[in-house]
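Here are a few exercises to work through with the sequence and the model side by side. Try each task on your own before reading its solution.

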Amino acid sequence: MEVCSEEAVKYVWEGAIPLQVHLHESEVTTLPPPPPALVLGSRIGYFPLLVPLIKPYFSSALPPGEDTVWFDYNGLPLKWYVPVGVLFDLLCAEPERPWNITVHFRGYPGEVLTPCEGEDSVKWSYINSLKEASYVITGNCKNVMNMSQADQFDLWQSLVKGNMDGYLRISSRLKLGPLGEDCILKRSSSLQPRQATDEPEIVGFNRPTQIRTPVIMVYTRDPSVASICDAYELFFKGRIPVRLYLRNVDDNLEDLEDAPTIDSWERISYINRAVEIHKEGGNYMTLKHAMRTLLPEIFDEVPMLIHEAGAEGNHEADSCFADSETVSVTRNDLVEETSCTNQQSNKAKLIRIQGIEPDLDIPFSWVVNNLKYPDYFLHICVFVRATSPQAKST
Amino acid sequence: MASVCHWDGTLSPSDFDSSVSTLCERWREANTDLPQWLWMPCHMAGASSCNAMGYLAMENVYHQNAKEEVSCEGSISGDMELVDDATLVKSYKDDMHVYDYHIAYNFNFRVPVLYFRGYQCDGCPLKLGDIEKDLPAYSLNVLRESKWTFITQEDHPYLHRPWYTLHPCGTNDWMKSMLGRDMPNKDPHMLHYISAWLSVVGQAVGLRIPLGLYKSL
């Protein structure tokens with residue numbers, strides 16, 4: 001499996017949600033009311049960037065006044081700094097095509113949404129996210145802060161226009177990836193010195209077929225690498241920026257289609273925390289391992305056992321433990337291991353990344369390299385089947 | 001966990017927790033007029049055993065025209081101090097503003113972050129322009145001159161609503177300058193981290209830091 005597949009990245013960049021945008025009834029001043037606008041919203045883009053496309057449909061119908069544009073889905077104001085694709089994956093439990101969205105040009109809900117003054121606000125938010133991602137990956141924001149004005153402008157424009165090649169060309173200068181299969185960040189200067197002194201060289205990474213024994217020779221005059229421990233930390237540990245959106249659904253739900261609509265952001269748990277990477281005992285880290293670091297209770301490796309009266313009991317339990325590493329997991333049965341489920345535990349219903357429900361056994365590095373958003377974050381939507389009453393109230 | 005002599009200015013989640021307790025203690029001992037800091041833990045499905053999940057809250061800080069600060073200790077704090085009613089009534093004018101301050105841990109930048117908001121007495125939220133008018137001159141200077149301290153509006157990490165905040169991206173650098181690269185040697189559990197941090201960010205938002213907090217650094 002390629003570490004970074006241009007085909008996959010292209011697929012992601014070309015992803016778009018068909019939107020049917022309705023003007024809110026309180027703002028319609030014409031009869032008949034204007035028909036909805038049909039617009040394609042790029043998955044990796046943001047709602048305020050669609051305003052220039054949408055406004056012409058409605059400008060003649062609007063009441064007098066200044067525009068303060070915002071969007072809602074079923075009454076829920078949409079957070080404008082979250083990519084369109086993430087909002088769709090999260091809020092439409094069962095994908096709705098076209099996605100029916102309402103646009104408002106007045107009455108900005110300032111107590112619920114941070115202010116947005118058009119494209120500049122979105123760009124500012126994007127650059128801040130990029131800085132945060134860079135900090136997570138390298139330990140500082142310098143590479144983003146040191147981007148020339150021209151590069152920053154070009155990077156932003158390539159995102160706005162969906163120009164993947166332009167984006168990849170400029171973003172590669174930030175040296176934030178890609179991640180190797182063994183989760184070692186492959187960068188030409190892998191050690192980011194804490195003080196800007198000479199960059200170390202990595203002579204070789206030797207991986208014999210049977211035993212994975214990394215051999216790394218590091219020549220450095222970087223004073224912050226004072227010991228083998230420091231070098232180890234820099235090579236074998238790392239952090240990947242992740243933004244997780246967690247939504248509880250009722251356990252009794254057979255069909256996601258029947259999931260109640262979200263009426264408040266209080267119903268979504270937002271976890272903005274990096275996944276710590278370590279080499280997992282010689283094997284590559286899977287998506288499941290990564291999810292376990294963020295949501296240990298939901299992606300528990302060893303489920304609690306229920307012994308049926310008179311059944312194989314312990315023997316079955318033992319084989320369960322032995323197999324837990326290698327059990328193959330199908331898409332919608334994430335933690336359901338047939339003989340060993342604890343009916344009381346939370347079971348994740350599904351994970352959505354870029355509109356895809358990936359197999360949990362996929363190498364995490366592949367997921368990161370191919371499914372991350374242009375802000376270098378992996379945005380993950382998780383639907384959790386909640387059994388206990390206290391889980392529902394989260 | 002960088003090696004001890006090369007501290008990068010950040011704080012681990014568990015050290016944040018210990019530092020929180022130390023701040024609360026210091027604040028209590030400092031005998032300030034301001035309300036106490038209260039720790040508000042937050043449970044998040046699937047990650048409940050995590051350190052540093054929650055925020056410190058100091059609320060209902062009354063503020064009048066940047067010259068006087070009167071605190072109002074309501075039932076939100078454990079201590080019910082006797083308040084001079086006459087003073088309160090006199091100060092209860094239209095231009096009285098109320099502020100809430102929260103401190104939460106940022107897992108990506110690995111530093112604390114200050115969130116705050118202001119209201120008029122009728123509950124109407126203050127805009128940034130109004131807040132800046134409340135800030136003393138030294139705060140405005142800090143905000144203007146330092147490239148690291150600027151006020152933005154972001155979603156509160158636990159309350160899901162917009163709050164004003166000081167962006168955390170430069171915090172580790174100036175904490176490292178302030179406390180020195182060998183801080184972990186002097187204070188292995190970073191107990192004084194938040195107190196030191198608050199003494200700086202507090203200035204940017206016009207929060208009067210009690211002298212007792214400085215002395216213990």
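**Exercise 1. Find which strands of chain A helix α3 (residues 84–91) lies across, and the angle at which it runs to β5(A).**

Solution. Start with contact, which means heavy atoms within 4.5 Å. Helix α3 of chain A lies across β1 (16–23), β2, β3, β4 and β5 (99–104) of chain A. Its direction is at about 120° to β5(A), where axes are lines fitted to C-alpha atoms and angles run from 0 to 180 degrees between N-to-C directions.

A note before going on: this is a predicted model, in which local features need pLDDT of at least 70 and side-chain atom pairs count only at pLDDT 80 or more, while totals for chains, interfaces and linings use all residues. Residues are numbered from 1 along each chain as its sequence is written, chains are lettered from A and ligands numbered from 1 in the order in which they are written, and side-chain values use heavy atoms, leaving out hydrogens and water.

**Exercise 2. Work out the strand order of the open sheet in chain A, and which strands stand at the edges.**

Solution. Strands pair if DSSP finds at least two bridges between them. The order is β2-β1-β5-β3-β4, with mixed pairing. β2 (37–42) and β4 (76–77) of chain A each have a single partner strand, so one side of each lacks a neighbour in the sheet. Next, look at β3 (residues 70–73) of chain A: β3 and β4(A) are antiparallel over two bridges, and Asp72(A) has Pro77(A) as its bridge partner.

**Exercise 3. Classify the ring pair of Tyr135(A) and Phe109(B): what are the distance and angle?**

Solution. Rings of Phe, Tyr and Trp (its six-membered ring) pair if their centres lie within 6.5 Å; planes under 30 degrees apart are stacked, over 60 edge-to-face and the rest tilted. Here the centres are 4.8 Å apart and the planes at 50°, so the pair is tilted. The pair crosses between chains, from helix α4 (residues 119–138) of chain A to the loop between β4 (96–106) and β5 (111–120) of chain B. Now check burial (buried is under 20% relative accessible area, exposed over 50%, partly exposed in between, with a 1.4 Å probe and protein chains only). Tyr135(A) is buried at 4%, and Phe109(B) is buried at 2%.

**Exercise 4. Count the buried residues of β4(B), then find its partners.**

Solution. Eleven of the eleven residues of β4(B) are buried. Strand β2 (residues 54–64) of chain B runs antiparallel to β4(B), joined by eight bridges. β4(B) and β5(B) are also antiparallel, over ten bridges.

Technical notes:
Helix = DSSP H or I, 4+ residues; strand = E, 2+ residues; numbered from the N terminus.
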